Amino acid sequence: MENFLNGVKTVNDFVNGIVWGWPALILLAFVGVLMTCLTKFFQISHIGHWFKHTIGAIFKDRQVTKHTNDKSISQFQSLCTALAATVGTGNIAGVASAIAAGGPGAVFWMWIMAVLGMMTNYSENVLGILYRRKNDKDEWSGGAMYYLRDGLGAKKHCKKIGAVLAVLFSVFCLLASFGIGNMTQVNTIATNMETAFSIPRIVTGIVIMILVALVVVGGLKRIAAVTEKIVPVMVVLYFVGAIIICILHIDQIGNVFGAIFKSAFGLKAVGGGIVGTGVKMAVQMGMKRGVFSNEAGLGSSVMVHSNSNVKEPVRQGMWGIFEVFADTIVVCTLTAFSLLSSGLVNLETGMLMDPNADTGSLVGQAFGQTFGQVGVMFVAIALLLFAFSTVLGWSHYGTKACEYLLGTKSTLPYRLIFVIMVIGGATMGENLAWDLSDTFNGMMMIPNLIGVLVLSPVVFKCTKNYVDRHLRGKDIEPMLSMDESIQKEHAEAVKRGEE
């Protein structure tokens, strides 16, 4: 087994160096910058509007939370399922891992990628709604594979390229669902449960496997019903705990933010190394862990956003903006401050006080500095909920990828395999689990970004159409779907006020 794992690591390191090389990172940043510019900085210029029609609408608009009788889910359920998949170990262990490898400056680059990623995620969701379709079970199916095949593939001389990229994306999504969406999450749960409660990893794995099976086999409706209850509770509880730490360590705020900015721009060497190397690691780890956290650019969450009962693509796009904001700007920042103000990181050098510390339990130790053993247990339970909900969300992504490749009949066997893989995640070495997830993320990201880049004019036209109608009061035909029959049906519904 050891030789096999060493072989996997060798192959993974080679592939990871390619998919997470600077060309791929530059492409990721470029797409975010492009979509931000094309939409005229929508995430900033219309911040009041998208807040009002996302989190603000939950308490005012019944349509946002209303459960449906058909196979679709509500806008709020789609957000919760998407957040379930994104707000996971990346927000806790991922932030700790980024700081451990790239210094405090990695946090700054996570912020930058979040601001840009808001519009990448927005664009993915807009395209997802525009190109979605119904499958033979009368369920919505949408995602990068569809806008690659039907959007990019519709361009002159691009039919085969679009079809090949759609298949590659789906294959990589299947692999990622076992990595970022399963093994990494369960591995972190097992690590923290062992640290906080001395529970053997295999026991944790068996319990999680049973719980996952009870939900996942029931399909999206059951997943959405569970996540809309778990996600708000877990985010609020973690938010309150982290805020308490921030208040108690308010005197450290200047030192923490000073360390973040100095490390980000190489004003001091990270870990006592060369300045250029420190900046490179801060940028690279910030970008990689930022994508791991909010998944903007992967084309993953669009697969559940496409199941929403929404008619207006931009409406669902705005939920994508809020998703990245809540995930990285809020939750990851609170995690970073809790860790950097705890004394576990030397703010002068950017190094961990204990170089051999397990990054999976670092945040638990940070909470333990303030709350004692209760803090360690709190983070272990928070990670359990975060990671468990991520497993549920990603099971849907893998299901949709499997459906695209092999048809709807293949989805049940996939779910069963997905459940069994939970045991592997619980017993796998932590570093290998993270490394595999990084690689699968990068492999999935590249075809998706190509699709978003080529179809950026479509996102621009759809956004302009929405702004002209809703913010400028122009009486023009709405742009709702690239399928003529769906466009006609939804246009009539929008006229009746059903958005």
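Residues here are called buried when their relative accessible area is under 20%, exposed when it is over 50%, and partly exposed in between (1.4 Å probe, protein chains only). The model is predicted, so local features need pLDDT of at least 70, side-chain atom pairs count only at pLDDT 80 or more, and totals for chains, interfaces and linings use all residues. Residues are numbered from 1 along each chain as its sequence is written, and side-chain values use heavy atoms, with hydrogens and water left out.

View 1. Start with D435, which sits in helix 20 (residues 430-454); helices (H or I, at least four residues) and strands (E, at least two) are DSSP runs, numbered from the N terminus. D435 counts as partly exposed because its relative accessibility is 23%. K9 is 426 residues from D435 in sequence, yet their C-alpha atoms are 8.1 Å apart.

**View 2. A salt bridge between D150 and R133.** In a salt bridge, a side-chain nitrogen of Lys or Arg lies within 4 Å of a carboxyl oxygen of Asp or Glu. Here the N to O distance is 2.6 Å. The pair links distant parts of the chain, with D150 in helix 9 (residues 144-150) and R133 in strand 1 (residues 133-134), 17 residues apart.

**View 3. K400 and E403 in helix 18.** Look next at this salt bridge, 3.2 Å from N to O. About one helical turn separates K400 and E403, because they are three residues apart in helix 18 (residues 373-406). K400 is buried at 4% relative accessible area, and E403 is buried at 8%.
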